[in-house]
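I opened the model and kept notes as I went. Entries follow in the order of looking.

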Amino acid sequence: MFNSIRSSISSNLTTGMSGRSFGSMFASGSDGDSVHDKKAKIQDGLRKADAARDAFEKDGLITLEVGENETFDIPHGFVQSVVVASYGTSAQEHCIDVKRKVEKDLLAGKQIKVTNDLMGGDPKAGVRKVLRVQYKPSSEPIKMEVDENKELHLPPHAAEGVAQASYGLGVSQKECTAELLYALFSASGRPVKITNEAMGGDPAPGKIKKLTVTYDPNRTRQAFKMETSKELATFGLIAPWLFRDLCQAIGLSLHDLYSSLTGQELLGGEKQVSGKSGEIFWFTADQRFVLKTISDAEIATLVRMLPDYSQHLREHPDSLLTRYLGVFSLEDNGCNTQFVVMNNIFEASPHLDLMYDLKGTTEDRWVDPAPGKCLKDNNFAETTVYLHDAFAAGIHKAISSDTRFLEKQGIMDYSLMLAIARDGSAFKRPLKRYSQFMGGIPATEALGVTSDTLKDVTVFIGMVDMLVTFGWKKVTANVFKSATIGITEEIDTVAPDRYASRFRAYFGLKIRGNTEKCVVSTVPADGFVTPMPALGRSGGTAAFFRASYKPGAADKEAKLSKDYWIGKDLARAKDEVAFYEVAKSLMGVPGWQVLNWMTPYRGVCRCPCEVSASGPPQDVDVMLLRNGRDGFSTCRMLDIKIGQVTAVAGWQGKSAMSAWMQTNTIDAVTNSAGQGFRLEGFDSPPDTLGTFEDLLTEQKLLKTTNIPAAKVRRFNLQRMTATQFLGYFLDLHEVPSRSGKLPEPPAKDAASHLSKLETQELVLLSCIEELSAFVDACRKVQAPQQWIGSSVMLCFDSGARPSREVLRRQPGNWGVSRVHIFDWGRSELNLPQAHARLEEEKKAERSKYWSYYRGAVAKLLFDCCSLYVSRYWHDIKSVTFTLWDKDQLSSDDFLGTVSVDVPHLGATAQGTYELSNFDGSPVKAGLLRGTIGTLNAKVAPFQQSSDSRFGASIFK
């Protein structure tokens, strides 16, 4: 795996790391001595620690070493009896017995200045000597009290001996063991001042409180000395007793751990090239464990959470969290190297093809691919991993419990390491499985959306980098990034609760059960005319291509129309194809009738397409969707975006800032806020709307501010109410000054086609019937959906009036309009089994947005019905004309209104009528406002066919 050290490693050795590289992982050298010298000292120290462990386990002895001219400091009461005390070289080759000289002072708790004179001689001149003591600790705990605002003094490296701590006065006490441990480790051996802030609160406001500490002498930190060419190096074990408990909790023998650490020479030991924090890594030769340098703050965090961490692993044996097995320090020539020992989550694989460091965010999550490089989230965007359903469910459960634990600990910025080995035969079983999900799981890797990308692989996973808290630096970064990068991307520095929620949601989508596997339907290209001509783009993103069948094509749709399908570039629609495939599999399943209104989907076809006008055709994967314009001479289409909220932070890659911008600058100021939906697009609009838009785009304000005319037109559509845009949708008036007039049927065919009025009525009624059935189907969906930003399409042929033959069809089968739902880029199909796995907050979120959706389509149906009733359910007694001045971007200017009484059947009303205000007063016009404004109008009967749904005559 690591190419740079491949010759010395028989199989992969790696662990979790941020900014990881497993190809050219290390740069040359580390601070201080050479790589080899430092590694040798670390291993010598580990051997001494192993010997001390053995002495403690066999005889209950604690081993401490102090160098010449240093001070041996153990408080009174800690030592029960001294068993061994020797003075000599660090290797114990030249030593003298000094037990009698130091025993009395050690039992009395006196400080001992280690010198040749005090020790009674110089066992070997010219080298620094070491006082080595093995003693039985006191069997009784020691209690200490420190007043508020005073300092707690403990021997250097003795913090882990704190067994329990409370802070307060009398009965007003708070437990503060974790807070005290954090403060002691953060102080790095310095005294700790006892304050409300340091102890995590004020249990007795206004009073002087006390810190009461119970100290376990058995838990004094052990330290050992190693001789160097300069000064003695000190090797220390940090919180060994807490890690001993942890190893017991996970069933790991300390003998096995130290055997791996000391059995053969460690590998690695150099700075990581791509790491942001400059960590150094070592690996055991048997691949089981990894050593990684660690900061004081990380040590303090780890020690603080160790008791809870151990308990979490006891309660969740299949946790994906890295097992932290020990923390050590090496002080050498003024350089302090602290490192943690962890299990190697990739232990069992001799070869990894790909490795990813995944956080569930998009900020700075791309790495230029190269052999051996560790990739990130944006590299993983095209990949989904499918596992046995039980494994997938178990991993989701583990991620949920692990992230909730880390959230409680105030931890964020962790990663899930996921590696892929495509050669399953090389897999070997690890010596110990820390979780049934670690050590290799059979899986299917889906690299894209077509079935030819599915590969059987073995995956290795584990959560790493779990020691970063949301401190002031991260809070500051969150504020800065939210206002900058956060506008377009999902930032990584967010609060622990937000980080955990996003992490769970991300892997809920990227790691799935086999039953959720999306096998994309592939369509052969030989039935289509190629190369497919380009048709343009949708919203400036996805390219569309004309998918015309060849004569004699075998598909059943080819017999209906050669242009039945349209091709959409899959490169810009990959989020949608999985939705369509799952929906396709649910067609006909009870409870999913709502999908009958989905734009029909055929599959994905790879074929030559005219991508550019000048270049040669290129192979493109196109999604074949129903061509909404097929069969229409002029397709008038409404794209109605559903939902009062059309962008949700963290949903399907939407950043918090981007969602906030869309919610406040679009949703809040358009009809989305008013009626829960807005008109997003209008194909083949009537001339009346075009003339109005011409007036808008000619305003001086637009010309001086350079606002694009397209944006003005779109904003005008978005602000329209349903009554307004449905009126334009049904408008079949002709405006001679504009092109695109509705052609009149030839006179000899007039009797065989519906009139304009009949066409309007039947189109609206057909839409109502479809929307009514759709609203009812929404109520029957088995799980709430989160269809953010999806649309409802209403369309009909405004270029040709239907044949009167349609009137002989049954209601619901008029066939004069189409209603579809589409645009699934930020939507999911929430299946009942997936919904059951969701956390309560996610279930509530889906219920909320599904209620928005259902309410919006119901409101759209209501407005269609209201328009139908107002136009066609009442006898016409009069016609009211209202005039508005539409040439301003500000509020429309009212010019006047007039009502014309409708004459009896067969009569005509024609004349000049005076305009009035809404209060009935006349509208004055002219230079001096001395003339009453008038309107010339004519109302005459329009003869209908005898089979008309309106009867024989209606006014026009």
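I took two strands as paired if DSSP finds at least two bridges between them. Helices (H or I, at least four residues) and strands (E, at least two) are DSSP runs, numbered from the N terminus.

Ground rules next. This is a predicted model, in which local features need pLDDT of at least 70 and side-chain atom pairs count only at pLDDT 80 or more, while totals for chains, interfaces and linings use all residues. Residues are numbered from 1 along each chain as its sequence is written, and side-chain values use heavy atoms, with hydrogens and water left out.

**Whole chain.** I looked up the totals. The protein chain has 22 helices and 47 strands. Of its 956 residues, 52% count as buried; buried means under 20% relative accessible area, exposed over 50%, partly exposed in between (1.4 Å probe, protein chains only). The chain exposes about 42100 Å², and carbon and sulfur atoms supply 52% of that area. Accessible areas come from the Shrake-Rupley method with a 1.4 Å probe; for residues, only the protein chains shown count as cover. I then checked contacts (heavy atoms within 4.5 Å). Among those between residues at least 6 apart in sequence, 72% join residues at least 24 apart.

**A four-stranded sheet.** Which order do the strands take in this open sheet? I read β7-β12-β9-β10, with antiparallel pairing. The edge strands are β7 (142–147) and β10 (172–175), each pairing on one side only. From one strand to the next, the twist averages 20°. Axes are lines fitted to C-alpha atoms, for helices over the stretch in contact, and angles run from 0 to 180 degrees between N-to-C directions.

I followed β7 to its partner. Six bridges join β7 to β12 (residues 210–215), and the two run antiparallel. Met 144 stands opposite Val 213 in β12.

Helix α4 (residues 177–187) lies across β9 (162–169), β10 and β12. Its direction makes about 110° with β9.

**Ser 260.** I found Ser 260 in helix α7 (residues 254–263). Is Ser 260 buried or exposed? Ser 260 counts as buried because its relative accessibility is 7%. Leaving aside neighbours within four places in sequence, Ser 260 is in contact with Thr 284, Asp 286, Arg 288 and Phe 289.

**Lys 408.** Lys 408 lies in helix α9 (residues 389–408). Its relative accessibility is 72%, so I logged Lys 408 as exposed. I also checked Asp 497, which is 89 residues from Lys 408 along the chain. Their C-alpha atoms are separated by 8.4 Å.
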